[in-house]
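Have a look at the sequence and the 3D view, and then we'll go through the parts one by one.

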Amino acid sequence: VEGGSSVDIRVGFRLVQGGHIAGAIDSSGTTSNDPVVRAASDRAVRAVRQAAPFDGLPPELYGQRIVVNFNAQKACST
């Protein structure tokens, strides 16, 4: 996708016991003026939702804010 290499999104969320998402998922790309970044942001949030529940995590992660980086340049380089 043209402009896709500039996508660098941070998605943050909290988990409760059982690995379910607690509250809203926030993304750094939601307010971007770039439609490619906004679309990538929406897809990143959807990916986190679809991955839940997160099984097998250390108990100390529950209640903590978890931040995941979606960086197209790093992910697509070989």
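Predicted model: local features only at pLDDT ≥ 70, side-chain atom pairs only at ≥ 80, totals over all residues.

Helices and strands here are DSSP runs numbered from the N terminus, where a helix (H or I) needs at least four residues and a strand (E) at least two. Residues are numbered from 1 along each chain as its sequence is written, and side-chain values use heavy atoms, leaving out hydrogens and water.

**The whole chain**

The protein chain has 2 helices and 3 strands, and from the N terminus they run β-β-α-β-α. How confident is the predictor? pLDDT is its confidence in each residue, from 0 to 100. The chain averages 87, and 86% of the residues score at least 70. Confidence is highest in S2, at 96, and lowest in helix H2 (residues 72–76), at a mean of 67.

Next, the surface. Accessible areas come from the Shrake-Rupley method with a 1.4 Å probe, and for residues only the protein chains shown count as cover. The chain's accessible surface comes to about 5,300 Å², with 51% of that belonging to carbon and sulfur atoms. A residue is called buried under 20% relative accessible area, exposed over 50%, and partly exposed in between (1.4 Å probe, protein chains only). Of the 78 residues in the chain, 26% are buried.

| Residue | Relative accessibility | Class |
|---|---|---|
| Phenylalanine 13 | 5% | buried |
| Serine 27 | 11% | buried |
| Phenylalanine 54 | 21% | partly exposed |
| Aspartate 26 | 36% | partly exposed |
| Arginine 65 | 43% | partly exposed |
| Glycine 56 | 79% | exposed |

**Who touches whom**

Contact means heavy atoms within 4.5 Å. Leaving aside neighbours within four places in sequence, which residues is serine 27 in contact with? They are Ile9, Arg10, Val11, Ser41 and Val45. With serine 41 there's also a side chain to side chain polar contact, at 2.5 Å. A polar contact is a pair of N or O atoms within 3.5 Å; within protein, one must be able to donate a hydrogen and the other to accept it, and residues adjacent in sequence count only if both atoms are side-chain atoms.

Across the chain, 66% of the contacts between residues at least 6 apart in sequence join residues at least 24 apart.

Side chains of opposite charge can pair when their charged atoms come close. A salt bridge is a side-chain nitrogen of Lys or Arg within 4 Å of a carboxyl oxygen of Asp or Glu. The structure holds 1 salt bridge, where the side chains of arginine 65 and aspartate 26 meet at 2.9 Å, N to O. Arginine 65 is in strand S3 and aspartate 26 in strand S2, so the pair ties together parts that are 39 residues apart in sequence.

Now for rings: those of Phe, Tyr and Trp (its six-membered ring) pair if their centres lie within 6.5 Å, and planes under 30 degrees apart count as stacked, over 60 as edge-to-face and the rest as tilted. That gives 1 aromatic pair. Phenylalanine 13 and phenylalanine 54 are stacked, 5.7 Å centre to centre with 20° between the planes. The pair links distant parts of the chain, with phenylalanine 13 in strand S1 (residues 8–16) and phenylalanine 54 in the loop between H1 and S3, 41 residues apart.

Technical notes
pLDDT = per-residue confidence, 0-100.
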